[in-house]
Amino acid sequence: MELHTPPRLHCHFALADDAATARLGAALAQAIEANADAIARCGLVIALSGELGSGKTALVRAALRRLGVTGLVRSPTFSLLELYSISRLNFYHFDFYRFSDAAEFAAAGFRDFFGPAAVCAIEWPERAGEQAFTTDLLIRMQVADSGRIADIDALTQVGQDCLNGLSRAWQTSPDAAC
Ligand SMILES: Nc1ncnc2c1ncn2[C@@H]1O[C@H](COP(=O)(O)OP(=O)(O)OP(=O)(O)O)[C@@H](O)[C@H]1O
Ligand SMILES: [Mg+2]
């Protein structure tokens, strides 16, 4: 995804294996918990870019586990949307891979899910078009050798607060590189 405004904060994470991706997801969950008041007021939009198999779903799944979801966490590749209730927040996990036209976002009525108390984690966000929503956190996943790289940009104040929280949580685990 192209950045049209300079990020307020950028962090880079080298994820050597599945366990590292799970740790980053857990750190994201801790940041969401720590900023729940702000998210209840204004919501949080997390755009997850990256090629097929780069770990977007794995990251979200780990975050949901840390947030207390115990049941099956399905990839939304076919359903487009999976919903979870997290304490007083609603967690919407979208995947727009199957959109062939950005107009499908509005046509599906997905705009109504964005807003106060909503955490929207979106795989293939670029397929909904540039104007579809305002991103707070942009997570770019890449395959690198046998592992993954995550580059995260905070684009808004709540995004910056969450990325600071994520970074603090990550630094309590080994292999920190931010
Ligand atoms: N740090 C890592 N190192 C190596 N493999 C990883 C790492 N993190 C995740 N994986 C593996 O990469 C794959 C990622 O699959 P995942 O479904 O999360 O990709 P995705 O980005 O959501 O793809 P899609 O665009 O098809 O939805 C899984 O098999 C997972 O085990
Ligand atoms: Mg996926």
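**Two ligands in a predicted model**

Student: Hi! Which ligand 1 atom does the side chain of threonine 57 come up against?

Tutor: In this predicted model, an oxygen atom of ligand 1 lies 2.9 Å from a polar side-chain atom of threonine 57.

Student: And how much of ligand 1 does the protein cover?

Tutor: On its own, ligand 1 has 650 Å² of accessible area, and the protein covers 75% of that.

Student: Okay, what about backbone atoms?

Tutor: Glycine 53 has a backbone N or O atom 2.9 Å from an oxygen atom of ligand 1. A polar backbone atom of aspartate 17 is 2.9 Å from a nitrogen atom of the ligand.

Student: How many residues surround ligand 1, and of what classes?

Tutor: There are 20 residues around ligand 1, and the closest are Asp18, Thr21, Lys56, Ala58 and Arg148. By class, the shell has eight polar, seven charged and five nonpolar residues.

Student: Which element gives the most to that shell?

Tutor: That is H3, with three residues. Helix H1 (18–34), H3 and strand S7 (147–154) each supply at least two.

Student: Switching to the metal: what coordinates the magnesium ion?

Tutor: Thr57 (OG1) and Glu123 (OE) coordinate the magnesium ion (ligand 2), at 2.1 Å.

Student: Why does that pair tie together parts that are apart in sequence?

Tutor: Because threonine 57 lies in helix H3 (residues 56–66) and glutamate 123 in strand S5 (residues 118–123), the pair ties together parts that are 66 residues apart in sequence.

Student: Last one: are threonine 57 and glutamate 123 buried or exposed?

Tutor: Both threonine 57 and glutamate 123 are buried.

Notes: Residues numbered from 1 in each chain as written. Chains lettered and ligands numbered in written order. Predicted model: local features only at pLDDT ≥ 70, side-chain atom pairs only at ≥ 80, totals over all residues. Heavy atoms only, no water. Donors = N, O, S within 2.8 Å, 3.2 Å for Na, K, Ca; no water. Helix = DSSP H or I, 4+ residues; strand = E, 2+ residues; numbered from the N terminus. Buried < 20%, exposed > 50% of the residue type's maximum accessible area, 1.4 Å probe, protein only. Near = heavy atom within 4 Å. Polar contact = N/O pair within 3.5 Å; in protein donor to acceptor, adjacent residues only side chain to side chain. Areas by Shrake-Rupley, 256 points an atom, 1.4 Å probe, with all protein chains shown as cover. Nonpolar A, V, L, I, M, F, W, Y, C, P; charged D, E, K, R; others polar.
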